Amino acid sequence: MVLIKQASDQAILEAAAILKAGGLVALPTETIYGLGANALDGVAVAKIFVAKGRPSFNPLIVHVPDIESAALLVEMNETSRAVMNKFWPGPLTIILPRRPGCAVSDLCSAGLPTLAVRVPAHPAALKLLKAAGVPVAAPSANKSGSISPTTPQHVLESLGDAVDFILAAGPSSVGVESTVLDLSGAKPLILRPGAVTAEDLHPILGPVAYDLGDHGHDVKSPGQLLKHYAPSIPMRLNAVDVEEGEALLAFGSLKFMGMKGGGFAKDLPAERLRNLSDTGDLYEAAANLFRLMRELDKPAHARIAVMNVPNQGIGIAINDRLKRAAAGSVIPHNKQGTQ
Ligand code: TXA
Ligand code: MG
């Protein structure tokens, strides 16, 4: 049976003991809930891959409580330190060369010479990392390929008894996974967009390109190969109206959103309508994204139509997740919106 406890100091100590003993602990972070294991313990890390059904070629992010703990694991220079000083704790994962003798299980790197490290900003996560005293490998606490969890309930629904302990601390505040920044090569690259954008990094790094693996060659982040965040029903992006049988994932005002064949989207029955942010606030939309995708993911709906979300700031991360979620959607009779 999985134990779920609110993240009191006592519960955090219990969770730390389970981690040290080789168990799996779902932990709250500011981005999403993670499925944690002691990164020094290969058997514990292997359990993550089994619980998630994750392909073993997909490496994991290792979480540490501070920069000095990261310095034991990866090669740093002035630039990467400057980035860490500015953005940690926070929703930024940094990929760097593994240090020779780095004690983290090779499974976390999935055969690559690099390691992804992050100091999360959630107070309960930081307390847990300090109490455990070991680096913690933690991918999203969901089945591989499905929608990432932003509440303890999502973790329970997705993983059930495959996890030993769920440390509960309400909904995640950011709502999309951390930005993955690769600093292991000649030029900095963002491999996964998140709350920290190229614009935010510019003062330290200069221009930072996005490489989201959508060019089909030389994919740098194995996670990019996978269909991700997918609901079980199809999605139709950039919808400018709502078609028969569809549910609507709205963004901003519904004033100009109509039903194909007549009527207004605002009059849809409550179960067919969710709004990422009534006021068009991109941060609110990110925080709501995965929960609302889940709420509309019902067999009663033919499909989820999604309104256009501006591709700026954290909107870049929202659109990345939406695009991946829709990637496998077969839309037989109607064309995908192009706006
Ligand atoms: O917000 C987050 O980052 C959450 C919380 C729990 O911290 N974690 C998370 O982990 O999203 P996961 O495993 O779902 O995503 C990690 C991504 C994957 O796309 C993986 O391929 C990539 O980071 N990655 C990890 N290590 C890498 C490496 N050494 N080189 C390239 N990509 C790497
Ligand atoms: Mg994931």
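At a relative accessibility of 25%, Glu-295 counts as partly exposed. Keep in mind that this is a predicted model. Which residue does the side chain of Glu-295 meet in a salt bridge? The partner is Arg-291, at 3.2 Å from N to O. Arg-291 falls into the partly exposed class too, because its relative accessibility is 29%.

The two residues sit in one helix: α8, which covers residues 282-296, holds both Glu-295 and Arg-291. They are four residues apart there, or about one turn of the helix.

Searching the whole structure turns up 18 salt bridges. One of them pairs Glu-246 with Arg-303, and their closest N and O atoms are 2.7 Å apart. Glu-246 belongs to strand β14 (residues 246-250) and Arg-303 to strand β17 (residues 303-306), so this pair ties together parts that are 57 residues apart in sequence.

Asp-320 and Arg-321 make another salt bridge, and here the closest N and O atoms are 2.8 Å apart. Asp-320 is buried, with 7% relative accessible area, while Arg-321 is buried at 0%. Elsewhere, salt bridges with shared partners link Arg-236, Asp-241, Glu-243, Glu-246, Lys-260 and Arg-303 into one network. The Glu-246 and Arg-303 pair described above therefore has both its residues in that network.

## The open sheet

Now for the strands. An open sheet is built from 11 strands, and reading across gives the order β1-β8-β2-β3-β7-β4-β6-β5-β9-β10-β11. The pairing is mixed.

One pair of strands can be picked out in detail. β5 (residues 92-97) runs antiparallel to β6 (residues 114-118), and four bridges join them. On the β6 side, Thr-114 is the bridge partner of Pro-97.

α5 (residues 123-132) packs on it, touching β2 (25-28), β4 (61-63), β7 (136-137) and β8 (165-168). The direction of α5 makes about 135 degrees with that of β2. Helix α6, residues 152-159, lies across β1, β2, β3 (33-38) and β8. If you want a reference direction for α6, it runs at about 160 degrees to β8.

## The two sides of helix α1

Helix α1 takes up residues 9-20. At 1.5 Å a residue, its 12 residues should span 16 Å, and the end C-alpha atoms are 17 Å apart, which agrees. Which residues of α1 are buried? They are Ala-11, Ile-12, Ala-15, Ala-16 and Leu-19. These residues cover an arc of only 140 degrees around the axis, which means that they are on the same side of α1.

That buried set packs against β1, β2, β3, α5, β7 and β8. Gln-10 and Leu-13, on the other side of α1, are exposed. After the helix comes Gly-22, with a positive phi near 95 degrees.

Most residues other than glycine have a negative phi, and most peptide bonds are trans.

Start with the peptide bond between Trp-88 and Pro-89, which is cis, with omega at about -10 degrees. Pro-89 is found in the loop between α4 (78-87) and β5.

Then there is Ala-110, a non-glycine residue with a positive phi near 50 degrees. Ala-110 sits in the loop between β5 and β6, and is partly exposed with a relative accessible area of 23%. Asn-238 has a positive phi too, about 50 degrees, although it is not a glycine. Its loop is the one between β12 (235-236) and β13 (241-242), and Asn-238 counts as partly exposed at 23% relative accessibility.

Definitions and conventions
Residues are numbered from 1 along each chain as its sequence is written. Chains are lettered from A and ligands numbered from 1 in the order in which they are written. This is a predicted model: local features need pLDDT of at least 70, side-chain atom pairs count only at pLDDT 80 or more; totals for chains, interfaces and linings use all residues. Side-chain values use heavy atoms; hydrogens and water are left out. Two strands pair if DSSP finds at least two bridges between them. Contact means heavy atoms within 4.5 Å. Axes are lines fitted to C-alpha atoms, for helices over the stretch in contact, and angles run from 0 to 180 degrees between N-to-C directions. The expected span of a helix is 1.5 Å times one less than its number of residues. Buried means under 20% relative accessible area, exposed over 50%, partly exposed in between (1.4 Å probe, protein chains only). The arc is that of the directions from the helix axis to the C-beta atoms. A salt bridge is a side-chain nitrogen of Lys or Arg within 4 Å of a carboxyl oxygen of Asp or Glu.
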